[in-house]
Amino acid sequence: MALEASLAAAPEDRTVTFTFRVVNGNTEPVELTFTSGRVGDLVVYASASPPDSASASGAAPASPDDATEAHTDPVWQWSAGRAFTQAIRTERLGPGETLEQTFTWTGADPGRYEAVATLAADREVRATTTFAV
């Protein structure tokens, strides 16, 4: 099943707007099952390396473990302190259709960061990007 994910970061002053997109690259519809009202989540980590063109494009890491194996504690997590409805629901994503979620981080300190977005469904879908504030 080819669900393709991308993550873009748009920093402006001390606010960063992230756009997480999941596209169904299949020729058949895909059923996604969510266990709550949460569609996705985003975690930001401090990055010791400068943003590069491959990561900034939103390309996924070589393997899911590559995205977080060198990280320490998160600098910011979108879902922290939020409550979500607890209900199982499904969403159908037709061929070529996109599921999109926007996250906004305000009060970001200047620095270099890596963001990891994940889909909160029954399929492992994630994307990463690096950026600077």
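This briefing describes the fold, sheet pairing, nonpolar core and aromatic contacts of one protein.

The model is predicted: local features need pLDDT of at least 70, side-chain atom pairs count only at pLDDT 80 or more, and totals for chains, interfaces and linings use all residues. Residues are numbered from 1 along each chain as its sequence is written, and side-chain values use heavy atoms, with hydrogens and water left out. The protein has one helix and nine strands, where helices (H or I, at least four residues) and strands (E, at least two) are DSSP runs numbered from the N terminus.

**Overall architecture**

- From the N terminus on, the elements follow the order β-β-β-β-α-β-β-β-β-β.
- Of the 133 residues in the protein, 35% are buried; buried means under 20% relative accessible area, exposed over 50%, and partly exposed in between (1.4 Å probe, protein chains only).
- The protein exposes about 7200 Å², and carbon and sulfur atoms supply 46% of this area; accessible areas come from the Shrake-Rupley method with a 1.4 Å probe, and for residues only the protein chains shown count as cover.
- Among contacts between residues at least 6 apart in sequence, 79% join residues at least 24 apart, a contact being heavy atoms within 4.5 Å.

- An open sheet of four strands has the order 5-4-8-9, with antiparallel pairing; two strands pair if DSSP finds at least two bridges between them.
- Strand 5 and strand 9 are the edge strands, each pairing on one side only.
- Strand 4 and strand 8 run antiparallel and are joined by seven bridges; within this pairing, Tyr45 stands opposite Glu114 in strand 8.
- Strand 4 and strand 5 also run antiparallel, joined by two bridges.
- Val43 has Gln77 as its bridge partner in strand 5, while the partner of Val44 in strand 5 is Trp76.
- Six of the seven residues of strand 4 are buried, so the strand is mostly covered.

**Nonpolar core**

- In soluble globular proteins, nonpolar side chains tend to be buried together.
- The largest nonpolar core here has 26 residues; such a core is a set of buried Ala, Val, Leu, Ile, Met, Phe, Trp, Tyr and Cys residues joined through side-chain atoms within 4.5 Å.
- The residues with the most contacts inside this core are Phe18, Leu42, Val44, Trp105 and Leu119.
- At least two core residues come from each of strand 1 (3-12), strand 2 (15-24), strand 3 (30-34), strand 4 (40-46), strand 7, strand 8 (112-119) and strand 9 (126-132).

**Aromatic pairs and cluster**

- A pair of aromatic rings is described by the distance of the centres and the angle of the planes.
- Rings of Phe, Tyr and Trp (its six-membered ring) pair if their centres lie within 6.5 Å; planes under 30 degrees apart count as stacked, over 60 as edge-to-face and the rest as tilted.
- By this rule the protein has six aromatic pairs.
- The ring centres of Trp76 and Trp105 are 5.7 Å apart and their planes lie at 15°, so this pair is stacked.
- This pair links distant parts of the chain, with Trp76 in strand 5 (residues 76-77) and Trp105 in strand 7 (residues 98-106), 29 residues apart.
- Trp76 and Trp105 are both buried.
- Trp78 and Phe84 form a tilted pair, 5.7 Å centre to centre with 45° between the planes.
- Trp78 is buried at a relative accessible area of 12%, whereas Phe84 is partly exposed at 24%.
- One aromatic cluster is formed by Phe18, Trp76, Trp105, Tyr113 and Phe131.

**Charges over rings**

- A charge sits over a ring if NZ of Lys or CZ of Arg is within 6 Å of the ring centre and within 35 degrees of the ring normal.
- Arg38 lies over the face of Phe84, at 5.8 Å from the ring centre.
- Arg89 lies over the face of Phe34, at 4.4 Å from the ring centre.

**Surroundings of two buried residues**

- Trp105 counts as buried at 5% relative accessibility.
- Not counting residues up to four places away in sequence, Trp105 touches Arg14, Thr15, Val16, Phe18, Val44, Val75, Trp76, Tyr113 and Phe131.
- The C-alpha atoms of Trp105 and Val44 are separated by 9.4 Å, although the two residues are 61 residues apart along the chain.
- Thr19 belongs to strand 2 and is buried, with a relative accessible area of 16%.
- Not counting residues up to four places away in sequence, Thr19 touches Ser6, Leu7, Ala8, Glu100, Gln101 and Thr102.
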